[in-house]
Amino acid sequence: MIDDISNIVVLTGAGVSAESGLATFRGPDGLWEGHRVEDVCTPEAFRRDPALVHAFYDARREKLKAVEANAAHRALARLDAEWPGKLLIVTQNVDDLHERAGAKRILHMHGELKSAWCLGCDARMKWEEDLGSGPPCPACGACGRLRPDIVWFGEMPYEMERIDRALTGADLFVSIGTSGAVYPAAGFVQTARYAGARTLELNLEPSLGSYHFHETRTGRAGEVVPAWVGEMLGAA
């Protein structure tokens with residue numbers, strides 16, 4: 001069956017970066033512990049209390065400096081480098097661990113923590129430092145107009161048309177480390193499968209949408225992802 005696969009789309013979620021020490025969104029130790037989503041991750045929250053929102057994301061940006069890519073990130077970077085066909089890694093994660101591992105064929109559908117967006121001139125730029133101090137926009141000079149370049153609840157994920165084209169043209173769709181609870185990403189498996197793709201889930205435990213997949217493999221991302229990548233490249 002691997003012999004018939006040329007075009008692969010991979011979706012990665014918080015479970016991939018959890019093994020690097022970044023908190024997932026749910027569970028007793030989840031990212032939102034101590035915060036309501038409505039207070040830190042919506043456009044309304046930013047308008048109501050920008051200082052709180054900036055403090056939340058500045059802390060996440062600082063935490064990102066202390067972690068490293070793990071075996072799952074490195075395996076996907078190897079797939080990126082060695083897979084002879086088409087590949088698109090669509091990530092829901094806003095960290096840069098895929099890139100640090102060496103992946104290049106990647107799309108951040110929920111934005112990037114190390115990016116800022118100016119609400120004054122609409123420019124987007126790489127950003128490493130805090131935003132809470134209200135720094136001027138490097139493009140237009142306006143102060144206090146920068147926000148995290150993150151897709152918040154109620155906003156449209158980035159590059160959905162490109163993602164849809166990739167899904168409908170895929171021979172294989174693989175979902176890694178996702179809960180299957182957040183749309184539109186949770187519906188990608190249905191789009192890909194309806195278009196004729198094989199579908200595979202790699203997760204710590206079956207997701208809410210596991211029944212949509214042809215196959216589910218459970219285990220730590222740092223173990224199941226390298227094993228799967230080895231299978232694909234061994235048959236390529």
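Reader: Which residues of H5 are buried?

Author: Start with the word: buried means under 20% relative accessible area, exposed over 50%, and partly exposed in between, using a 1.4 Å probe and protein chains only. In H5, the buried residues are Ala 72, His 73, Ala 75, Leu 76, Ala 77, Leu 79 and Asp 80. You're looking at a predicted model, where local features need pLDDT of at least 70, side-chain atom pairs count only at pLDDT 80 or more, and totals for chains, interfaces and linings use all residues. Residues are numbered from 1 along each chain as its sequence is written, and side-chain values use heavy atoms, leaving out hydrogens and water.

Reader: And how many residues does helix H5 have?

Author: Labels first: helices (H or I, at least four residues) and strands (E, at least two) are DSSP runs, numbered from the N terminus. H5 covers residues 71-82, so to speak twelve residues, and reaches 16 Å from its first C-alpha to its last. That is close to the 16 Å expected at 1.5 Å a residue, where the expected span is 1.5 Å times one less than the number of residues.

Reader: What reaches the backbone nitrogen of Ala 72 at the start of H5?

Author: A side-chain oxygen of Asn 70, coming to within 2.8 Å.

Reader: Which residues touch the most other members of the largest nonpolar core?

Author: Here's the general idea: nonpolar side chains tend to be buried together in soluble globular proteins. A nonpolar core is a set of buried Ala, Val, Leu, Ile, Met, Phe, Trp, Tyr and Cys residues joined through side-chain atoms within 4.5 Å. The largest one here has 26 residues, and Ile 8, Val 10, Leu 79, Val 225 and Trp 228 touch the most other members. Two or more residues come from each of strand S1 (8-12), H5, strand S2 (87-91), strand S7 (172-176), S8 and helix H9 (221-235). H9 gives the most, with seven residues.

Reader: What does Leu 79 touch?

Author: Contact means heavy atoms within 4.5 Å. Not counting residues up to four places away in sequence, Leu 79 touches Leu 87, Arg 105, Trp 228, Val 229, Met 232 and Leu 233. There's also a second, separate core of 17 residues, which includes Val 9, Leu 167, Ala 170 and Ala 192.

Reader: In what order do the six strands form their open sheet?

Author: For pairing, DSSP has to find at least two bridges between two strands. The order here is S3-S2-S1-S7-S8-S9, with parallel pairing. Strand S3 (106-108) and S9 are at the edges with a single partner strand each, so one side of each has no neighbour in the sheet. The twist from one strand to the next averages 15°.

Reader: How many bridges join S1 to S7?

Author: Five, and those two strands run parallel; Ile 8, for example, stands opposite Leu 172 in S7. S1 also pairs with S2 over five bridges in the parallel sense, and there Leu 11 has Val 90 as its bridge partner. Because five of its five residues are buried, S1 is largely enclosed by the rest of the structure. Ile 8, Val 10 and Thr 12 lie on one side, Val 9 and Leu 11 on the other, and both faces are covered.

Reader: Which strands does H5 touch where it packs on the sheet?

Author: Let me go by way of S2, which pairs with S3 in the parallel sense over three bridges. H5 packs on this sheet, touching S1, S2 and S7, and its direction makes about 150° with that of S2. Such angles run from 0 to 180 degrees between N-to-C directions, with axes fitted to C-alpha atoms, for helices over the stretch in contact. Helix H7 (residues 160-168) packs on the sheet too, touching S1, S2, S3 and S7, at about 130° to S2.

Reader: What is the order of the three strands in the antiparallel sheet?

Author: S5-S4-S6, and that sheet is open. Strand S5 (124-126) and strand S6 (146-150) are its edges, each with a single partner strand. Neighbouring strands are turned by 45° against each other on average, direction ignored. Four bridges join S4 to S6, with Gly 111 opposite Ile 150. S6 is mostly covered, as five of its five residues are buried.

Reader: Is Leu 204 buried or exposed?

Author: Exposed, with a relative accessible area of 62%. Leu 204 is placed in the loop between strand S8 (198-203) and strand S9 (215-218).

How values were computed. A polar contact is a pair of N or O atoms within 3.5 Å; within protein, one must be able to donate a hydrogen and the other to accept it, and residues adjacent in sequence count only if both atoms are side-chain atoms.
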